[in-house]
Each structure stands twice: as C-alpha cells, then as structure tokens.
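Visitor: Hi, could you walk me through this structure while I look at it?

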Amino acid sequence: MARQEILLGNGAIALGLVESGCKVVTSYPGTPSSEILAEVIRFVKSERLDTYIEWSTNEKVALDTAFAASITGKRAACCMKQVGLNVAADSLMSAAYMGTIGGLVIISCDDPGPHSSQTEQDTRFMARIAKVPVLDPSNPQEAREMVSLGMDISEEFRIPIVLRPAIRVCHARQNIKFNLIKKSAQKASFKRDPQRWAATPAFRLILHRELNIKLKEIGKEFESLAQYNFHNLEPGKRYPFGIIAGGVPYSVIRDILTEKKRADIPILKIGTPFPFPESLATEFMMACKRVLVLEETDTVIEYFLRNNNMIFGRLSGHVPSEGELVPQVIYDLLNKTLDELNLEKLGPKLDYEATELVKGLNLPVKRPTLCPGCPHRAAFFAIRKTKPKAIFTSDIGCYTLGINLGAVDTCLDMGAAITIASGFYHSFTQDEVTQPIVATIGDSTFFHSGTAGLLNAVYNGARFILVILDNLTTAMTGMQPTPGLGIRADGSKGKAVSLERIVTGCGVEFIEVVDPYDIKKMVNVIKKASTYVNEPEGGIAVIISRHPCVIAYPDEAIPERKRVMVTDDCVECNFCLERFECPALYHDQELGRADINRELCVNCGLCIQVCPKGAIVEA
Amino acid sequence: MILCGLGGQGILFMTRVLAQAALDKGFNVMGAETHGMAQRGGSVISHLRLGEVKSSLIRAGTAHLMLSLDENEAYRNLAFLSKVGKIYVDTDSGDFPRPEVKEFLDKRGITYRAAPAKAIAQGLGAPKSSNLALLGFFSAFDEGPMRYKELKMTIEKISPKRFREINSKVFEAGQNRGSSYKIA
C-alpha cells in the first residue's frame, strides 16, 4: 500500500514541490503560509534531496531569489502570505514580462476572515494585475496537484505561475498518498540575453506583447483543463439556476448539495480564475437562467463573467463582501437565493437559537495576549511607564499585542513602526509641537523592512525612540530563525548579522542594548534615550531590548525561576492587571486581592518588579 | 467532530490522535485547524470530518461530537452541534452545564458528560496533558468509529518518545474515570 500521511494543506503543497523536482524554495514566514517551507525541509531531509532552501529576509528577496534560480533553468518556488505578495509585487510584475526558464511557482496564501492578517485581499487580483496565470485549489490534495501542474505550465510557456491557496486549504488536514520522489538533475546555466534579462523600455514593449500571446495560449489550454475546470450539466438541458464556484467555497457548496441531494442544481468549478475559461463559462451560463457565484475573497469570477443581469454574487448583494464564506453562511445565502427565485429551498432556515443563547451567556472574550514570561511585556510596561504621553507606533508580530498594555497605537504594515514614527515627527514638528514618539519593532520585522525606513528617518532628521524588541526568533509565525541568530532554515550554521552594526550603519548615533527583564534598567535607558532625542544635537535613539522568547527558549528566557505570591499588602488597585496584563494574574473576589493562576504562571518573577505596593513577592 | 478550548491546551495533538486513528481504520480524513494569532491564548477550534467530504469545515448544526478542554469554549461553540449531538467537556465545576444551557441541551436531546480532565492529568504529574485525559474519558463511551484500543495505540505511536509513557497513563486514567462514570 502506498505510504499515506495526514498532512496540513501546507504539507501537501510542500510535497507537490518536492515531487515536481523543485530545486530552490524560498519563503518569508507569515500565517497561513509559514509551514510550507518547514515541510519542504522535512521531505528534503527524509528523501535526501539537494533542494536549496532559505528563509529569505522578506518576500521580495524570496521572489527575486527563486526567479534567479528559474532563469538558470531550475524549477523554483517561493512561498508567502497574501500581504507578502504586496512586498514582492515589484518583482512579480517585472518577472511576468521577462518570463522564466525553469518552472517558477509563486505561492501566495489568502486569509479570508481575516484570521491572522491586516487585509482580506485576493491574490487572484494581484495575479491578474501582473498578468500571470493563477490556480485556485479547493483542498490540500488539489493544491498538491496544482503545484506540479503550475511547474509544467510555467516551463512550457515560460511564465511565472501563482498558486493561491486560502487558509482553509493551508490549515486543512487531509490524508495524502505519497508518490515516488526523485532527485532532480537540473544544472544551473545562464545564457546571456540582455534584451530579455535586462530589457530597457523599448524591449519591454516586445516582452509585453509576448506575455499577452502567452496568456491567450494558456487561456485555450485552461478551457480544456477538465480536471480543474468542469461542470456537471446534462447535454441539452436547461436549468433555472446554477452555481459557479472556485477555491474553498467550491468544496463547501459541493458538500451541501451532495448532503441535500440537489442534483437539480448544476455547478461549474473554476480552478483557473485567470486566464479565465471564457467558453466553458459561456456554455454554463447559456444553460442556466440565473447563476450564483461563490468565490473568496473578492469578485474575480464575477468580473470575468461580465453579465450582471443574471448573476447573483457580491455585486448584487447576495454574497457578503467581507468575512469568510463558512458553510453556514453559504447555506443561508443559497437558501435565501433559492427562495427569491421561487425554487425549492435546501431545507429550513438555519436556526440561531444556539447563537442567541451563547450571546446571552456573556462569555469572557478570550483575546490573544502576550505569553506569561514574554520579554515584550516587560519592555512595553517600561515604555508606557516612562513615556506615558508618547504616541506608540508599532509593527507586525506578537508584539502588536502590546495593544493590551496600552503601548501600541498604530500598526500599518511591515516596517511601519519606523516610517509612521518619522511621519508623525515631521507632522508635529511642522507645527512646532514636541510630541514624544516611541516606535517598537521586532527583530525579524526589522530585518524584513526596517532599514529603509530607518535610513530615511536618520537622513531626513526625524527624532524618536526606536525600541527593537529582539527575542531572537520570528515568534508569531512559529519560531523561524532570524538573520540575527546565524542559524539557517534547515538548522545549519549561517553568518549571524548584528542588529547593532546595522543600526550603526544606518547612521544612528545613540544605541543601547538592554535586557527588559531588568525593568528598572530598561526605564533608565528609555529616560536616557528620551534626553538624547531632545538634545540640540540629538536624533533617533535606538534601544535594542534583547531577551530570548519564552516559547522558543524556555530555559534561557527564565534562567532563575521564582515562585511568586501575592501578600495581604495588595490594595486591589488592579495596576498589575491593567498595566502588566499577564494572563497568570487575576483578581480573586473571595481573597479580596490579586492572585496567581498556577497553571499559567511560568515563574518568571517579572510581576514582583511591577506592583507599586510591593505586594507581589517571591514565596 | 468539534475539538475546542484555549490556545496551548493541546487541541491540535488531540485532533492528530483522532485523525490518525481514523486513517488507520481506513477512513478518509479532513480537518481544519487554528494557527497564528489566535493561538496566543485565544479560543482555538479544530474541525474533524471523516468519510467522503470535500470541505474541511463543519456547518453549524451538524456536528455529531464535541470535545472541549474548557467549559466556556464548549458553550461558545454550541451552535455547531446537531440535534442528538454529544458533548464531552473538561471541567471540575459540579454545576455544568449552566441552567439556561441545560434547558437548551435537554430540549435538543444533546447528551453532555463532564470530567475533571485537568485534575486527572495533574494528579499524575502531567498538568499539560488534560487533552489526553479528556480523550480517555471520551473513549470509555464507545462513541464514534475510533475506540479505546485504537486511540491508545495511536497515542503510543505518535507521542514523542519521552512523553509516550505518561501520555498513555493519563489517557488510561481518563478512560477509567469514564468507565466509573457510566456505572454511576
């Protein structure tokens, strides 16, 4: 029997990559894409492949690197989350014109919900803007197959291909049968062709024409790609109503129609939204009087159908324009649509008794918080305490949760802690207002896109305190190593890159490294930094707040465990709960004081330094 | 099947055990997990579906079983349960479920069984293994296609070496609890 494993969708994608002979895989971590590279590494090790793998410093770097591999003739891929593709957009648009040699698959994972992202943007639109084909899998197995298909098309037509799995593909689990994995024998070679690989605008026009021709040909191929674009119309039959669906919503609607035995409703499945299989869609539309379109997250299929009179979808208001299309949402909207058309409904309306009941229970909202013992908590506490009137610009990572401590006011995109701080400085200074600003950014985010902003801020004379929260890992996405560590994706040794030297190299003249576990010292350093920022000859002050992540390095993070207790000196001021916000601290009504949840407490002892009454002590 | 609780309680591992046991029994497996931001102590929910299904998500009102490692999270996810569904929850509160919930569950014919899984795990010196205690408790009722023996074998198969013995012990203790619950 073939070997079978229950893989995450991201594992299935990784399997597709190694099966298709991919020689170079690059990525920058981001939910829901992060596990792809880790799974590639697992397969490369178990199958003894020689695939080159890297955590790149950002998504643009990842795409450039994979593109380079492709034009040496090797199959390559890069993986990222959907907002990462924004960072790589510059590279993507140009790569589409230049074309590829070895297959190049760009995997960009969407997050309808959103569960762990700043937008619900639709990668399929990005692919359309770039004029590259996009494949939209509806489950892990299909995503795995589409990787190989993408490699083949990319190589045949010399064009990058985008694979767009949504979170319910990436983080779905499915049993997957393994095929034989062979080592690819491709060798790198680069043939000079400056009119392509270094094309000036005059040649770009030619490349653009070439690209348009490729898309036409791929479009024809997609029309007959019956494995991923298909319908179940009976020849010659007319239907009052049909459904066109792609991606995860296809899986959901397929299950609902099977369960409800509704063979009277035909479905057209679109696995390749661009180039759009126009003839197939027209055939389907001709057979149906009205059509409902189900897709995530935007209106790509709806736009391509271009026939608003007969289509129900987001544009007509029948499908919600934001949030995830979970099964109950699809059930409800389909029921309503069928009712509107005087067709037989799926069944009774969903009853919301349970939902109403749960609402009435006033359950505590479990918001995400920084972990007990997290060094960021100590840093944020010190920042808020020392600079209560500052504007706190922050960034993307675990530390966005500093919002719970009142120490995060803004979070725009990767690297924006620094650029927003800079923009605030100039906006206030223009009015001759001295506004204290403290920016916080994590180590991985700083490596990703901190330097351009910092260079700009230094060069243009901005003044603020920048705290780099260095926990020696990329924590939020699952503890991937950073360049600061000098450990590479596969665990091998790389060259460690010093944050201090980068910051100094950007022209910053105040730089202090401090361990935030010593809150008093952290406070003093912030005071010193603040003085420097306001001196006539001052500028940007950078504090590197360095302490290992409590999850990645539990022993190093808490070298000295301190069992803490709350004494009767507690006056129930709630200062520790509001300002320190450790999940292991709570107010005990019966005891009439704060107390420690032993199950959550990691004995870091930080709260001893926090209580203004000295009521938290080592037991 | 819905598996829920809070970040860090081991919901993903509990799901893995059930999924692997199902696969070994010849079922096709489809599941959905929570990763990322929500794992930082927030609500975590995992969907598990067996058989010929395409989508990884369970529709509200259609889950046959719920295993919850937290009382409030069991309440929060009530809407997933079908009529005549069954709830297994980790709680030491003697008054589970709350009266207003009890009325709802009884009306629907939803069975609920509570076990102090955390206390069972803690008693064996493995406070972080309440997931296996609850799974053991659940296994005593012969509910669903994967039974006690199969689950135990799977736990032994997929637990990291240094946790194998204790995991197995906690699972068994949970099962014992379930067996005596049945008699009582």
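Visitor: To start, in what order do the elements of chain B run from the N terminus on?

Guide: This is a predicted model, in which local features need pLDDT of at least 70, side-chain atom pairs count only at pLDDT 80 or more, and totals for chains, interfaces and linings use all residues. Residues are numbered from 1 along each chain as its sequence is written, while chains are lettered from A and ligands numbered from 1 in the order in which they are written. Starting at the N terminus, chain B reads β-α-β-β-β-α-β-α-β-α-α-α-α, with seven helices and six strands; here helices (H or I, at least four residues) and strands (E, at least two) are DSSP runs, numbered from the N terminus.

Visitor: And how compact is chain B?

Guide: The radius of gyration of chain B is 15 Å, close to the 16 Å that the globule rule gives for 184 residues, so chain B is as compact as a globular protein of that length. That radius is taken over C-alpha atoms, and the rule is 2.2 Å times the number of residues to the power 0.38. Along the principal axes, the C-alpha atoms of chain B fill a box of roughly 45 × 40 × 35 Å.

Visitor: What share of the residues in chain B is buried?

Guide: Of the 184 residues in chain B, 56% are buried, meaning that 20 or more other C-beta atoms, placed from the backbone, lie within 10 Å of the residue's own.

Visitor: Now the contact between the chains: how many residues does each one give?

Guide: Chain B gives 35 residues and chain A gives 40 residues, where two residues are in contact if their C-beta atoms, placed from the backbone, lie within 7 Å.

Visitor: Which element of chain B gives the most to that side?

Guide: Strand 2 of chain B does, with four residues. The elements that give two or more residues there are helix 1 (11-24), strand 2 (29-32), helix 2 (71-76) and helix 3 (99-108) of chain B.

Visitor: Which strand of chain A is joined to strand 2 of chain B?

Guide: Strand 8 (residues 172-177) of chain A is joined to strand 2 of chain B by three bridges, and the two run antiparallel; strands count as paired if DSSP finds at least two bridges between them. Within this pairing, A:R173 has B:G31 as its bridge partner.

Visitor: Switching topic, what is the strand order in the open sheet of chain A?

Guide: Its five strands come in the order 14-15-16-18-17, with parallel pairing. Strand 14 (391-393) and strand 17 (510-514) of chain A are the edge strands, each pairing on one side only. Inside the sheet, strand 16 (residues 465-470) and strand 18 (residues 541-546) of chain A share six bridges in the parallel sense, and A:V467 is partnered there with A:I543.

Visitor: Which helix lies across strand 16 of chain A?

Guide: Helix 16 (residues 375-386) of chain A lies across strand 15 (437-442), strand 16 and strand 18 of chain A, and runs at about 165 degrees to strand 16. Axes are lines fitted to C-alpha atoms, for helices over the stretch in contact, and angles run from 0 to 180 degrees between N-to-C directions.

Visitor: One last thing, which residues are buried in helix 2 of chain A?

Guide: In helix 2 of chain A, the buried residues are A:E35, A:I36, A:L37, A:A38, A:V40 and A:V44. They pack against several elements of chain A, including strand 1 (4-8) and helix 1 (9-19). Just after helix 2 of chain A, A:R48 has a positive phi of about 50 degrees.

Definitions and conventions:
Buried ≥ 20, exposed ≤ 12 C-beta atoms within 10 Å, placed from the backbone.
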